[in-house]
Amino acid sequence: MALLEIENLVVEFQTASGPFRAVDGVSLKVHESEVLAIVGESGSGKSVSMLAAMGLLPWTARVTADKLAFKGRDLLKMPASDRRKIIGKDIAMIFQEPIASLNPCFTVGFQIEEVLRIHMGLDRAARRKRAIELFESVGIPDPAERLGHFPHQMSGGQCQRVMIAIALACNPKLLIADEPTTALDVTIQKQILDLLMKLQQEYRMGLIMITHNMGVVAETADRVIVQYKGRKIEEADVLSLFESPKSNYTRALLSALPENATGDRLPTISELFNEQQMLDGAAR
Amino acid sequence: MTHVLEARNLVRDYHIPGNLFRQARSVHALKGVSFTVDEGKTLAIVGESGCGKSTLGRIITLIDPATAGELLIDGRKVDIAREGLTAEMRRKVQIIFQNPYGSLNPRQKIGDILAEPLIINTKTPAGERRERAMAMLKKVGLEEKHYNRYPHMFSGGQRQRIAIARALMLNPKLLVLDEPVSALDLSVQAQVLNLLADLQDEFKLTYVFISHDLSVVRYIADDVMVMYYGEAVEYGSRDAVFSDPRHDYTKTLFAATPRADVASIKARLARKNAA
C-alpha cells in the first residue's frame with residue numbers, strides 16, 4: 001500500500017478576480033522508503049499541492065480531491081482533530097527558510113520539546129534526553145548546550161538541521177521537504193542533502209523533495225514528477241527522465257541548464273515551445 | 001593597454017565598537033585581493049556567504065572605501081575615502097543586486113526608476129530622459145507600455161531586466177552583478193543570462209559577476225576567482241580553474257556542486273543499490 005496517495009487534487013484560491021486554480025488535477029503516490037522529487041518553476045503548484053496534503057493552506061483555498069489518503073485513511077474526510085494527530089507526527093514537513101520557520105522568541109530546545117510533549121506525551125527528563133539524541137543524529141555539535149540557544153544564534157545550515165531534528169522527532173513515516181537547501185550555500189547544501197538521504201535510509205521514510213534545482217533532483221530522487229502551471233507534465237524514474245525526457249517541457253527545462261549549454265547562448269523555454277505545446281501530453 | 005579594472009592588494013576591515021560587555025574588535029573581511037579585468041571580459045567571483053565577495057563588490061562599485069590597497073578603474077587610481085566620488089566615476093561603474101524585489105522602489109514608476117540616474121548624474125533634459133528610458137526598456141526586452149507601471153506589476157525576471165536597464169542608463173563601462181540570477185527560475189535565468197551576454201557584446205561591457213552557482217559561472221565567465229575567508233585562494237582563467245583546481249577549498253566546492261548528468265545519476269543509483 002502506498003504511504004501517501006493523491007488522486008485528482010485541485011486547489012483553487014478565491015481572489016478578487018475570481019477563483020485561481022493553482023493545482024489542476026494532480027495525482028501521485030509515494031511508497032515507503034522512496035524518494036519522490038517534485039520539480040517545477042515558481043507558480044507550478046508544487047508547494048501548494050503538498051501544503052494541501054498537510055492541511056496548511058489558508059481558508060481562502062478550496063481543496064478537492066477524489067482521494068487524499070495517508071496509509072489508506074482519507075485525510076479530507078476525517079475530523080480535524082484526528083488529522084492533527086497525523087500531521088506533524090506521521091507526516092512532517094521542512095521548509096525553505098530555516099531561520100524564518102523557527103520561532104525567534106523561544107529556544108530551539110523549547111521548540112523541539114514542544115513537539116515531543118504534544119505528540120509523544122513524554123515527561124520532562126525523557127523529552128530532554130530525546131532532544132539531545134535527535135540533535136546528535138542531525139550532526140549538531142555540543143547538543144546539550146545548543147538546546148538553550150535561540151535561532152538567531154545559529155547559522156542557516158544549523159537552523160535547517162534543527163528543523164530536520166524537529167521533523168524527525170516523532171519518527172515520521174513521510175517527510176516532505178520543501179526546497180530544503182535553496183537558501184543555503186553549495187557546501188552546506190551538500191551536507192544537508194547527505195544528511196537527509198542518510199536519515200531517509202536509516203528510518204526507511206518516504207521522502208518528497210520539492211525543488212526547482214535539477215542538480216538536487218539528480219542527486220537524491222528515485223522517481224520524479226515534473227509540474228508546470230499546476231499540472232503534472234511528466235512522471236518517470238530519475239534515470240529515464242534525464243536520459244530520455246518524454247515531454248516538451250522537461251526537454252526545454254534540461255536544455256536551459258547552463259551546464260548543458262552548447263554554443264554561447266542558452267536555449268530559453270519560451271523560444272523552444274509555446275505554452276500550449278508545453279502543456280500537451282500532460283500526464284493526467 | 002590599460003585594464004578596465006585593476007585591484008592591487010585590497011584590504012577591508014570592519015571595526016566593531018566595544019561596550020561594557022564586549023571588547024572592540026575588527027573583522028578582516030578582505031585580506032589583500034588583487035586581480036585585473038580587461039574590456040569586454042567577465043570575471044566571476046565565487047565563494048560562500050561571509051567570504052567577502054559582496055564586500056569586494058561594494059568596494060568596486062565605490063560604495064565603500066577600501067582600508068588599504070589600490071583600486072584602478074580605467075587606469076586611474078580611485079580613492080573615495082580621501083577624494084570623494086565624482087559624478088564621472090559614478091557613471092563608469094554600476095551594480096545590479098541579487099533581489100529584484102528589494103532593489104526597486106515600489107512607489108516609483110518604471111520610467112522614473114530609469115530616469116533617476118540621469119537626473120542625479122547628468123543635465124539631460126526631460127524629453128531626452130524619457131526617450132532614452134524608452135529605448136533602454138526595449139533593449140532589455142520590455143515594451144513601451146511598461147513605462148508607466150509600478151514594480152509590483154512585474155515578475156521576478158522582468159524586474160531583474162528593469163534593474164539591468166537602470167544600471168545601463170548611464171552607459172557604464174563596468175557592471176558589478178551581485179548574484180543577479182540566483183533568485184530566478186531556471187528558464188528565466190537562461191533568458192537573463194542571454195540578455196547579459198547580448199548587452200556585453202553590444203556595449204563592450206566589462207562584468208564582475210559575483211555568484212555561488214558554479215554551473216552559471218562556468219557558462220558565463222572568462223576568469224574565475226575563488227574566495228575563502230577574505231582571501232583569493234584561486235585565480236585564473238575559467239578553463240584552468242575548472243579543469244585543474246589547486247586549492248582544497250575549490251575542490252570541496254566542485255565536489256559539493258550537484259551534478260545533473262546521466263553518468264553521475266547511474267553512479268549514485270549503483271551506490272544506493274549496493275548499500
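What percentage of the 284 residues of chain A count as buried? The share is 45%. Please keep in mind that this is a predicted model.

**Chain A as a whole**

- You will find 13 helices and eleven strands in chain A.
- Its radius of gyration is 20 Å, close to the 19 Å that the globule rule gives for 284 residues, so chain A is as compact as a globular protein of that length.
- Taken along the principal axes, the box filled by the C-alpha atoms of chain A is roughly 60 × 45 × 40 Å.
- Among the contacts in chain A with a separation of 6 or more, 66% come from residues 24 or more positions apart.

**The sheet of chain A**

- Strands of a sheet pair through backbone hydrogen bonds, and they can do so in a parallel or an antiparallel way.
- In chain A, six strands make an open sheet with mixed pairing, and their order is S7-S8-S9-S3-S10-S11.
- Strand S7 (91–94) and strand S11 (231–237) of chain A are the edge strands; each has a single partner strand, so one side of each is left without a neighbour in the sheet.
- From one strand to the next, the twist averages 15°.
- Inside this order, strand S3 (residues 35–39) and strand S10 (residues 223–228) of chain A pair in the parallel sense, over four bridges.
- To look at one pair of residues, find A:Ile38, whose bridge partner in S10(A) is A:Ile225.

**A helix pair in chain A**

- Two packed helices are described by the angle between their axes and the distance between the axes.
- For helix H4 (residues 108–120) and helix H5 (residues 124–137) of chain A, the angle is about 115° and the axes are 10 Å apart.
- The crossing of H4(A) with H5(A) is right-handed.
- H4(A) brings A:Gly109, A:Ile112, A:Glu113, A:Leu116 and A:Arg117 to the contact, while H5(A) brings A:Arg127, A:Arg128, A:Arg130, A:Ala131 and A:Leu134.
- By class, these contact residues are four nonpolar, one polar and five charged.

**Places to visit in chain B**

- Helix H4 (residues 110–121) of chain B has buried residues at B:Ile110, B:Ile113, B:Leu114, B:Ala115 and B:Pro117.
- Their cover includes helix H5 (126–139) and helix H6 (156–168) of chain B.
- B:Leu62 lies in the loop between helix H1 (53–60) and strand S4 (68–73) of chain B, and its phi is near 65°, a positive value in a residue other than glycine.
- Is B:Leu62 buried or exposed? B:Leu62 counts as buried, because it has 20 C-beta neighbours inside 10 Å.
- B:Tyr229 sits in the loop between strand S9 (223–228) and strand S10 (231–237) of chain B, and has a positive phi of about 50° although it is not a glycine.
- With 14 other C-beta atoms within 10 Å, B:Tyr229 is partly exposed.

**Where the two chains meet**

- Chain A puts 29 residues into the contact, and chain B puts in 28 residues.
- On the side of chain A, the elements giving two or more residues are helix H8 (186–203), helix H9 (214–220) and helix H10 (238–243).
- Which of these gives the most? H9(A) does, with five residues.
- The side of chain A that touches chain B is made up of 14 nonpolar, seven polar and eight charged residues.

Terms used. Residues numbered from 1 in each chain as written. Chains lettered and ligands numbered in written order. Predicted model: local features only at pLDDT ≥ 70, side-chain atom pairs only at ≥ 80, totals over all residues. Pairing = 2+ DSSP bridges. Axes fitted to C-alpha atoms, helices over the stretch in contact; angles between N-to-C directions. Buried ≥ 20, exposed ≤ 12 C-beta atoms within 10 Å, placed from the backbone. Contact = placed C-beta atoms within 7 Å. Left-handed = near helix turned anticlockwise from the far one by under 90°. Nonpolar A, V, L, I, M, F, W, Y, C, P; charged D, E, K, R; others polar. Rg over C-alpha atoms; globule rule 2.2 N^0.38 Å.
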